[in-house]
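Please keep the sequence and the coordinates at hand while following them.

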Amino acid sequence: MNVHDPFQNDVEIQWCPGCPNFGILTALKRAFVDLQLEPHQVCLVSGIGQAAKLPHYLRCNFFNGLHGRAIPVALGIHAANPTLTTVVTTGEGDCYGEGGNHLLHAFRRNPNMTVVVHNNEIYALTKGQGSPTTPVGEVRSLQVHGVEMTPLNMPAVAVLHDGAFVARGFAADPDHLKDLLVEAVRCPGLSLVEVIQPCITWGPHPVSWYKERLRPVPTDHDPTNREAALRLLLGQDGRFVTGVIYRGTERPLFGHRFRSAVGNEPLGRLGFPENDVVRSLLDKFRAH
Amino acid sequence: MLDCTLVIAGSAGEGIQTIGDVLADALSAHGYAVFTWQEYESRIRGGQNTYTIRVRQDPCNAPTWEADILLCLNQGAYEKAAGRLKDGGILLAEEPYDKAAMVVPFKAMAQERLGRVIYANTIAAGALAGVLGMERDALEEVLGREFAAKGLEVVEANRQAARLGYDAADAACRDACPWSFPKRSGSHYLVTGNEALPMGAVRAGCRFIAAYPMTPSTGVITFLAKRSEELGIFCEQAEDEIGAINMALGASFAGARAMTTTSGGGFALMVEGISLSGMTEVPVVIVLAQRPGPATGLPTRTAQGDLLFAVHAGHGEFPKAVLAPADPKDAFHKMVRAFNLADRFQIPVIVLSDQFLADSRFTITDFEMDRSRPESFLADPESLTIYKRYALTDDGVSPRLVPGMSHHLVTADSDEHDEWGHITEDLAETVPAMMAKRLRKAQHLCRAMKPPEAYRVEDAREVFCSWGATRGAVLEAVDRLRKEAVPVGILHWTELWPLAPVTFPQGARLWTVENNATAQLASLLGQGLGLRIDRHILRSDGLPLTARYIRRAYHERA
């Protein structure tokens with residue numbers, strides 16, 4: 001065990017050897033160190049899939065829940081304890097497919113948490129079916145004549161919903177990804193970091209194929225310009241755009257009204273209500 | 001003995017709920033024991049609905065069908081409800097629908113005397129107060145409270161409307177109406193299940209609720225949302241029921257006592273979350289307010305059709321508890337019990353309500369609040385040097401900590417896991433050990449469950465087995481049958497799963513009495529206690545069981 005890395009644990013990693021997921025794991029650990037967080041201050045939340053196994057490989061609190069359900073679990077955790085750094089680690093099948101509805105409404109709620117989506121354009125743990133982001137025409141194990149549905153462009157959806165922070169990284173570039181993750185966690189509101197994560201076992205293209213096509217955001221891109229952000233994402237090769245794409249307008253955070261009245265105390269520390277509180281509720285129903 | 005039933009019939013939007021509530025509040029404030037129940041269509045305007053008020057001197061929280069007094073606000077209401085009027089009962093109506101009707105033209109009076117037809121409801125409420133022989137100012141106080149937010153002018157106009165209605169009815173029925181409701185001493189609570197359940201949750205220390213609106217459960221989260229900041233309870237309307245239960249599980253994991261509420265269809269969506277609670281051992285309380293199914297069924301009607309669904313909800317094998325309160329007082333205490341059981345055994349606990357319990361107003365003499373207290377079962381982080389969330393223990397309950405509250409790391413895993421909460425496929429040791437650990441909790445849970453309440457079973461030759469919110473009707477039916485010298489008793493379950501051991505009276509014939517079509521309690525007792533019960537009194541038309549219905553069904557089948 002590396003004594004310098006408080007987030008290092010000794011759990012056997014089940015990913016395929018050489019999987020770009022390792023790069024995401026490295027980036028996340030380094031981001032937490034950069035953010036000067038300690039393991040007990042972090043809570044990772046995931047659903048099911050290869051990406052969703054990530055919390056097991058990092059020393060911190062975690063809730064590895066059901067397929068598609070990471071976001072509502074994370075919302076509950078965040079509502080109960082806003083002082084925890086809550087990060088969802090998920091794949092596009094988990095988060096855009098099975099749990100798409102939860103993500104859409106998470107943009108509306110704008111909780112102060114980060115969602116990291118490992119996008120490998122394939123269902124890897126179930127051996128190669130099409131995913132919500134598989135490009136039209138690419139063959140998958142269930143789409144033997146090529147995928148017919150158009151892929152979801154979730155970063156664009158995030159921009160449309162004025163997501164607080166929308167970025168895309170590349171799993172094979174953990175340095176850059178780490179920087180994006182640090183910014184994402186620091187940014188108040190819902191941060192979506194989509195990560196291009198080529199599947200080296202089932203995917204049709206090698207890592208180099210993606211690397212050659214990456215399109216870092218132009219140096220003069222203004223991430224507060226919504227139209228510019230959409231133009232990048234909707235333009236040709238928009239799926240390969242990497243970097244900080246959009247920063248949303250400042251708007252109220254999930255639970256702000258409740259928290260401004262009650263304070264930031266974890267709900268578990270509020271204790272049990274006094275007898276008088278309950279009695280005065282009951283007494284409203286006593287005839288007089 | 002005074003026992004008067006008043007039925008108000010009208011379309012949605014005509015204000016029968018306001019009339020009913022004002023009158024019920026006034027009668028309660030006069031010291032009477034009031035019970036009300038409603039049956040209504042799933043629409044916001046139109047249709048034909050009824051609001052029934054039963055008034056007595058001593059509480060009897062059981063629904064009645066036949067009306068001593070029937071108020072009809074329109075022709076269709078009369079056509080639907082006229083059959084409920086007892087021989088010699090009083091029909092009060094907007095127009096002369098039949099020749100015996102006592103006509104008080106509420107709408108015309110409101111328009112002519114007060115300039116606005118909106119006061120017709122209060123005129124009708126005043127007329128009912130007149131028919132009941134209440135005092136002329138009986139509604140004044142209640143109207144003052146009801147309309148306080150709308151200003152003094154509106155309060156005064158409503159009081160005037162009530163007096164107009166009162167005088168019109170009083171003049172018309174001075175000789176025909178035998179009733180008299182002078183003010184009595186005594187003070188009761190008048191409360192619905194959907195008010196008592198959230199108050200119980202408050203008592204239990206609930207700090208988080210997420211739910212998707214679904215009749216008849218919605219009142220629970222509405223009650224808490226109105227008082228969210230004052231009570232320190234985080235309330236969230238979820239995007240769907242799957243989101244709702246997963247949010248509750250997240251909040252619970254992070255240290256908040258958490259719950260969700262729904263009805264059958266939403267509960268179906270929550271089922272994977274119940275299994276998740278079972279596997280992750282994260283406590284959660286689910287209120288399932290039943291309505292008739294399958295599918296959308298009858299959204300605004302009542303049923304006890306989800307008992308077996310609740311007991312069996314969730315894939316895989318894991319312990320859970322199912323409770324079914326009998327009335328609002330019981331609902332208050334059962335919520336505290338539900339949260340305590342959920343925390344103690346780290347399991348999902350389902351509280352079965354139904355439309356009848358949710359919407360009916362019951363008279364409660366005393367809540368005896370102090371009988372239930374929230375208990376904490378969290379471990380002390382200081383006492384643990386190494387922390388394993390799923391540590392194997394004798395009783396199967398692992399010390400539970402909350403993330404972020406200490407340096408110990410807390411995990412939850414929906415995969416089969418080791419003691420640390422990490423995924424395992426060690427079929428030789430870890431997997432069977434974890435399954436056995438969770439199921440050990442079931443044995444201890446079983447010992448904590450309470451047997452059914454027994455009523456007049458000592459000398460009973462017939463025993464009615466019933467459960468949940470039908471208790472009032474079954475009790476009244478048994479008292480009536482006893483008066484006819486039928487030796488009947490009751491075993492009434494409010495803690496349904498796991499089943500505590502029960503002693504049945506020797507030689508008595510067993511029946512189940514249920515608001516469903518397939519005698520689900522009988523199946524459950526067969527499964528849990530190896531018992532065979534093949535006599536049933538069942539009702540599954542969306543209406544609540546009444547004493548009259550039970551008595552009649554008993555005589556038909558005995």
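This is a predicted model: local features need pLDDT of at least 70, side-chain atom pairs count only at pLDDT 80 or more; totals for chains, interfaces and linings use all residues.

In it, H17(B) is followed by B:Gly530, whose phi is positive, near 65°. The helix itself spans residues 520-529 of chain B, and its buried residues are B:Gln520, B:Leu521, B:Ala522, B:Leu524 and B:Leu525. An α-helix has 3.6 residues a turn, so residues three or four places apart point the same way. The partners of the buried residues of H17(B) are helix H12 (307-312) and the strands S17 (462-467), S18 (488-493), S19 (495-497), S20 (509-514) and S21 (535-538), which belong to chain B.

Two helix pairs of chain B may be considered next. Helix H16 (residues 471-483) packs with helix H18 (residues 547-557) at an angle of about 55°, and their axes are 8 Å apart. Angles of 65 to 115 degrees would count as roughly perpendicular and those under 35 as roughly parallel, so H16(B) and H18(B) are oblique to each other. Their crossing is right-handed. On the side of H16(B), the contact is made by B:Ala473, B:Val474, B:Glu476, B:Ala477, B:Arg480 and B:Leu481, while H18(B) provides B:Ala547, B:Ile550, B:Arg551 and B:Tyr554. By class, the contact of H16(B) with H18(B) comprises seven nonpolar, no polar and three charged residues.

The other pair consists of helix H7 (residues 193-203) and helix H8 (residues 218-226) of chain B, which pack at an angle of about 55° with their axes 8 Å apart. That angle makes H7(B) oblique to H8(B). The crossing of H7(B) past H8(B) is right-handed. From H7(B), the residues B:Asn194, B:Glu195, B:Leu197, B:Pro198 and B:Ala201 meet B:Gly219, B:Val220, B:Phe223 and B:Leu224 of H8(B). Six nonpolar, two polar and one charged residues make up the contact of H7(B) with H8(B).

The largest nonpolar core holds 260 residues, of which B:Leu92, B:Leu128 and B:Phe208 touch the most other members. Helix H13 (residues 328-345) of chain B supplies the largest share of this core, with nine residues. Beyond the residues up to four places away in sequence, B:Leu92 touches B:Ile69, B:Leu70, B:Leu71, B:Met102, B:Val104, B:Ala127, B:Leu128, B:Val131 and B:Ala169.

B:Arg440 has another setting. This residue lies in helix H15 (residues 430-448) of chain B. With 17 other C-beta atoms within 10 Å, B:Arg440 is partly exposed, because a residue needs 20 or more to be buried and 12 or fewer to be exposed. Apart from neighbours within four places in sequence, B:Arg440 is in contact with B:Asp395 and B:Gly396. The C-alpha atoms of B:Arg440 and B:Asp394 are separated by 8.0 Å, although the two residues are 46 residues apart along the chain.

A:Thr90 has its place in strand S3 (residues 85-91) of chain A, and it is buried, with 31 other C-beta atoms within 10 Å. Setting aside neighbours within four places in sequence, the contacts of A:Thr90 are A:Ser46, A:Gly47, A:Ala51, A:Ala52, A:Ala70, A:Cys95, A:Val115 and A:Val117. A:Gly47 is 43 residues from A:Thr90 in sequence, and their C-alpha atoms are 6.5 Å apart in space.

A:Met113 is found in the loop between H4 and strand S4 (114-119) of chain A. This residue is buried, with 28 other C-beta atoms within 10 Å. Residues up to four places away aside, A:Met113 touches A:Ala74, A:His78, A:Thr86, A:Val87, A:Val88 and A:Leu190. Between the C-alpha atoms of A:Met113 and A:His145, 32 residues apart along the chain, the separation is 39 Å.

Finally, the two chains may be viewed together. In the contact between them, 47 residues of chain A meet 56 residues of chain B. On the side of chain A, strand S2 (61-64) and the helices H2 (70-80), H4 (100-109), H9 (256-262) and H10 (275-283) each give two or more residues. H2(A) contributes the largest share of that side, eight residues. The residues of the side of chain A that touches chain B divide into 28 nonpolar, 15 polar and four charged.

Technical notes
Residues are numbered from 1 along each chain as its sequence is written. Chains are lettered from A and ligands numbered from 1 in the order in which they are written. A nonpolar core is a set of buried Ala, Val, Leu, Ile, Met, Phe, Trp, Tyr and Cys residues joined through C-beta atoms within 7 Å. Helices (H or I, at least four residues) and strands (E, at least two) are DSSP runs, numbered from the N terminus. Two residues are in contact if their C-beta atoms, placed from the backbone, lie within 7 Å. Axes are lines fitted to C-alpha atoms, for helices over the stretch in contact, and angles run from 0 to 180 degrees between N-to-C directions. Angles under 35 degrees count as roughly parallel, over 145 as roughly antiparallel, 65 to 115 as roughly perpendicular and the rest as oblique. A crossing is left-handed if the near helix is turned anticlockwise from the far one by less than a right angle, and right-handed if clockwise. Ala, Val, Leu, Ile, Met, Phe, Trp, Tyr, Cys and Pro count as nonpolar, Asp, Glu, Lys and Arg as charged, and the others, Gly among them, as polar.
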